[in-house]
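Let's take a walk through a protein complex together. Have a look at the picture below, and then we will go through it step by step.

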Amino acid sequence: MQPIIDNLPIFIDGFLMTLRLLVISGAGALVIGTVIAAMRISPVGAFRVFATAYTELFRNIPLTLILFFCAFVLPNLQVRFDYVTFALIGLTAYTSPFVAEAIRSGVNGVPIGQAEAARAIGLNFGQTLGSVILPQAIRMVVPPLINVLIALTKNTSVAGGFAVIELFATSRRLINDNGNATVAILIAVAVFYLVITVPLGQFAVALEKKVAVLR
Amino acid sequence: MTVLYDVPGPKARRRSLVISVIGGIVILGGLALLVTTLAAPRVNAGGVALPGILDPSRWDLVLDRALWRTIGRGIAATLRMAAVAAALALAIGMLLSILRTARSALVRVPAMIIIEFFRGMPVLLLMLFTLLVFSTGAYWAGVVGLAVYNGAVIGEALRSGIASLPRGQRESGLALGLTPLQTRFTIEFPQAFRQMLPIIIAQLVVLLKDTSLAYIIGYQELLNIGLKQGPTTFGSKYFFTLFFVVLAVYLAVNLTLSAIARLVARRTAGGRKHGSRRTAAVIAQLGGAGMDGGSAGSTGGDSSAS
């Protein structure tokens, strides 16, 4: 226990870095994912093709490979950022297609009668989407989106393998210094992750129940 | 055809075509700009001119047999880890789902805690834990980390599969005089397994993708062999070539497996009209299982039965 208490500030630093990765790349992925989802259901063919290709491509590349590209290949091409920015770019790129898929499945999950009714009273594409489909879809989209964010929380640990000092990298560093407290340190890191993921999960469940009543 | 917008008339079709072409040109132009900027020939710090990425002198390696032998070794190492981890994950998943649906709370509650705990952990942390605490070496650390994490996810999927079966299945089993355990094994479990097959395969694709995490704990798999050792073997001017080869291999394997998963999903949905809608609901609730499946503390399956 003692090494954990002694090194608490280092843990907190790592935790804050994990939170930073989560919040910034989560926000970035939400924005890009929404744009991709909108392209995917748009009437314009070129946008649909691009969005589909983007989704399929980034979903099927391992996150490790994406972060490797950001951390080692991009600097080689004289793109100069620090490792945190590279990790943020990689995590955003990897997470955005999952956001897009969650949103798209929410839009598809709205009963077709709703869209038909909206069309029948003469609303156009934008009106149908904006005032009938999306308000309903957003409710259905939030729980899966939270699941995406929980997965993102866990995925930030991969950035620890690419020179970003977040929780996972912190644990490795501390274990090097305190070899006799390996188990305690790893369990402490696990608890820090659970501090983020468990409340998010509970929130998703609570929300799901609320939405289920509304429908 | 979607009902979100009218079936376009000639004018709208023309407009849509124009937007499509312009949009396509803008997208392609953006991509081309990105590629040419990144791939441009440049002079490095020592004053030596490097050829651009698309220069043929960087790509002659693709015709080299030694490269493909090396990549083959990497694929073999990756598959060796994925296959063992997948088998173990399936076994752990089945065991956990059986324990999780036990009648005695003494068994059920600990199983639930185990599932939720491991679903909420980064795979990388599980690998590191195994590596350092049990000093197993990188291969087994990777296998155990992947097996435990994905076992917990598969266990949860199987549990919601069992929960989504019509109640009559279990009741008729018991009415026939089978013991509760026999009912579970011979009647409920096979149906739940078949219903959850798409999710399980999707999770196995995730597992295969996640073998690349073992690179970080030092296992010699495709990424490590291709991108860390490759440039030293073949020369660092082939760094990008190697990167794209590794990328292409991962994409080919994962897209094939994903296509198989979709095919299986369609077949199971087509064969069992009854179960398909429930499966769809459970799949939706599990978040599509694509992005590393589940969430800590989310016992949502209980509410999805409604």
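**Where two chains meet**

The contact between the chains takes 51 residues from chain B and 56 residues from chain A, where two residues are in contact if their C-beta atoms, placed from the backbone, lie within 7 Å. This is a predicted model, in which local features need pLDDT of at least 70, side-chain atom pairs count only at pLDDT 80 or more, and totals for chains, interfaces and linings use all residues. Residues are numbered from 1 along each chain as its sequence is written, while chains are lettered from A and ligands numbered from 1 in the order in which they are written.

On the side of chain B that touches chain A, H1 (10–39), H4, H9 (222–234) and H10 (239–271) each supply at least two residues. Helices (H or I, at least four residues) and strands (E, at least two) are DSSP runs, numbered from the N terminus. H10(B) gives the largest share of this side, 10 residues. By class, the side has 30 nonpolar, 18 polar and three charged residues. Here Ala, Val, Leu, Ile, Met, Phe, Trp, Tyr, Cys and Pro count as nonpolar, Asp, Glu, Lys and Arg as charged, and the others, Gly among them, as polar.

Now step back to chain B as a whole. Chain B has 12 helices and two strands, and from the N terminus on its elements run α-β-β-α-α-α-α-α-α-α-α-α-α-α. Of its 306 residues, 39% count as buried (20 or more other C-beta atoms within 10 Å of the residue's own, with C-beta atoms placed from the backbone).

Next, zoom in on one pair of helices. H4 (residues 123–133) and H5 (residues 138–163) of chain B pack at about 135 degrees, with their axes 8 Å apart. Axes are lines fitted to C-alpha atoms, for helices over the stretch in contact, and angles run from 0 to 180 degrees between N-to-C directions. H4(B) and H5(B) are therefore oblique to each other: angles under 35 degrees count as roughly parallel, over 145 as roughly antiparallel, 65 to 115 as roughly perpendicular and the rest as oblique. Among the residues making the contact are Leu126(B) of H4(B) and Gly142(B) of H5(B). In total, this contact has 10 nonpolar, three polar and no charged residues.

How far can we trust the picture? The mean pLDDT of chain B is 80, pLDDT being the predictor's confidence in each residue, from 0 to 100. Over residues 292–306 of chain B, pLDDT stays under 50. Where pLDDT is low, the predicted coordinates should not be read in detail.

How values were computed:
Buried ≥ 20, exposed ≤ 12 C-beta atoms within 10 Å, placed from the backbone.
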